[in-house]
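Today I am looking through the pockets, cores and strands of one model, and jotting things down as I go.

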Amino acid sequence: TDSSTRFEKSLDPELPELALCRVVELAKKVFPKSHVVSTIVDSKNFSSQTKYLSVSVSFINERLGLNLDKKVMITILERLGFDVHIKKDILKVMIPSWRATKDITIAEDIVEEIARVYGYENIPSTLPRGIMAPPEVNHARTLEREVKELLAFQAGLTEVSNYSFVSPLWLYKLGLFKETYWELDNPIAQDRPLLRAALIPGLLENVQNNCHWSETIRLFEIGRVFCAGQSGERVKPNSDALLPQQPLHLGIVIAEKSTTTPFYTAAYCVRIIAERLGYSIRIQSTQNTTIIAHPSRQADITSNGHIIGTISELHPRLQQEIGIGPRVALVELSLSDLLKQPRESLQYQPIAEFPAVKRDIAFVVDRTASHQDIESTMLSTDPLIFKTELFDVYEGSHVPRGKKSLAYHITYQAHNQTLTSEMVDAVHNKVESVLKKQYKADVRR
């Protein structure tokens, strides 16, 4: 009805009684001899009890920034139809029915009524008092921005943002168990009821969807993952219910049809983060094989002895099953764990005054010999060895079974003199002798 439509808009519920009295008054004026012959019938289904608000004078003055007398406050409120009773410093304000419907409900509303009648222009403007302290630095957000800039601008990767929800069918194809994932009671999409525990499954789905029409896929993602069985923050400050642990992860996938060594490209991306941000990161071989990783092309990413991530290539069998053509390198790195590691401040180093000399060395060693150990051995052989760089690994014809051929660039440099050929030859021969002694290397000429 028209009446219900109006009262839904929170009109004064006492208006019908007032209107009825007005009708009787008008009837008496038109027909002086008329009189009421029945009782008043009211079928209201609400309580019309008078509503009161208690507010102190000091509360009003604190909010206004004034020192108004309580008599001025009472006068203003009474002029607006409020009935005010005072007891010491407390004003007990009766709210009229026409202001009691969603209009005057809290003490601040009383303050506003006094302020608008007193006049906003009469309230002096003053600067707020407070401590002008800078906000707390969010180190996680800063690290996230730094990593994004390095991977996008220097490594040439493209950032993606996947949903935090995973399909059980996709996990089954990857050979992962959904029992290690949190399941939502009311998922947004019925086919994705699980919360991701890693970024790699979502990135592999990106590769599968794009590898058929793209020659090069170089993607990264930074986002939260949800660790089942590991408790995180409380749902509420005083609640015993705990949310799952939600560390910040970095995921990288490299898939290029033009290269057969995406592992090295992925490792380069990790080294960029370490070198440019001042973290001590090493890539070390591991025996902790995973289902989706290539059995002999995987390594742990460590910092100060702590494992903070993994780097590997996709298992060939799985690669064929999900329909991905080129070899795929995968990186999963915990930025939350990286943030806990000490960070060295970067310092400017002037360009060396004396030229460097580069020599190459190639040798055959046992297949089990690790690059990290060999590189560490060469760097510690002599102070003149400034840098080493592995540029070739070969296993095949002309190399004995169970062996591999490694080739390195070695940079020799001194900070106080120009190196002569004799000096470089002496150190280079020393490197060969150390490799032969410790790794039984067969140096190729």
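I began with the second largest pocket, which holds about 1000 Å³ of space. The model is a predicted one, so I note that local features need pLDDT of at least 70 and side-chain atom pairs count only at pLDDT 80 or more, while totals for chains, interfaces and linings use all residues. Residues are numbered from 1 along each chain as its sequence is written, and side-chain values use heavy atoms, with hydrogens and water left out.

A reminder to myself on terms: on a 1 Å grid over the protein atoms alone, a pocket is an open set of points where a 1.4 Å probe fits, with protein on both sides within 12 Å along at least five of seven lines, and lining residues have an atom within 4 Å of a point. Volume is the space filled by probe spheres set on the points, which are joined across faces, edges and corners.

Which residues lie nearest the centre of this second pocket? I found Ala197, Ala198, His249, Thr310 and Glu332, out of 40 lining residues. By class, the lining has 20 nonpolar, 15 polar and five charged residues (nonpolar being Ala, Val, Leu, Ile, Met, Phe, Trp, Tyr, Cys and Pro; charged being Asp, Glu, Lys and Arg; the others, Gly among them, polar). Strand 14 gives the most to this lining, with six residues. Helix 8 (200–210) and strand 9 (227–234) are among the other elements that give two or more. Helices (H or I, at least four residues) and strands (E, at least two) are DSSP runs numbered from the N terminus.

Next I checked helix 8. Eight of its eleven residues are buried, so helix 8 is largely enclosed by the rest of the structure (buried is under 20% relative accessible area with a 1.4 Å probe, protein chains only). Ile200, Leu203 and Glu205 are among the buried ones. Their cover includes helix 7 (168–174), strand 8, strand 11, strand 14 and strand 15.

Then the largest pocket, with about 1900 Å³ of space. Of its 45 lining residues, Phe263, Tyr264, His371, Gln372 and Leu390 are the closest to the centre. Helix 9 gives the most to this lining, nine residues. I sorted the lining into 17 nonpolar, 15 polar and 13 charged residues.

Strand 13 was my next stop. Eight of its eleven residues are buried, so strand 13 is largely enclosed by the rest of the structure. Four bridges join it to strand 12, antiparallel (pairing takes at least two DSSP bridges). Gln284 has Asp300 in strand 13 as its bridge partner. Strand 13 also pairs with strand 14, again antiparallel, over seven bridges. In the hairpin of strand 13 and strand 14 there are two residues between the strands, and Asn304 takes a positive phi near 55°.

Last, the largest nonpolar core: a set of buried Ala, Val, Leu, Ile, Met, Phe, Trp, Tyr and Cys residues joined through side-chain atoms within 4.5 Å. Of its 33 residues, Val147, Leu151, Leu250, Ile252, Ile311 and Leu335 touch the most other members. Helix 9 supplies the largest share of this core, nine residues.

Leaving out residues up to four places away in sequence, Ile252 touches residues including Leu151, Ile200, Leu203 and Cys269 (contact means heavy atoms within 4.5 Å).

Key:
Buried means under 20% relative accessible area, exposed over 50%, partly exposed in between (1.4 Å probe, protein chains only).
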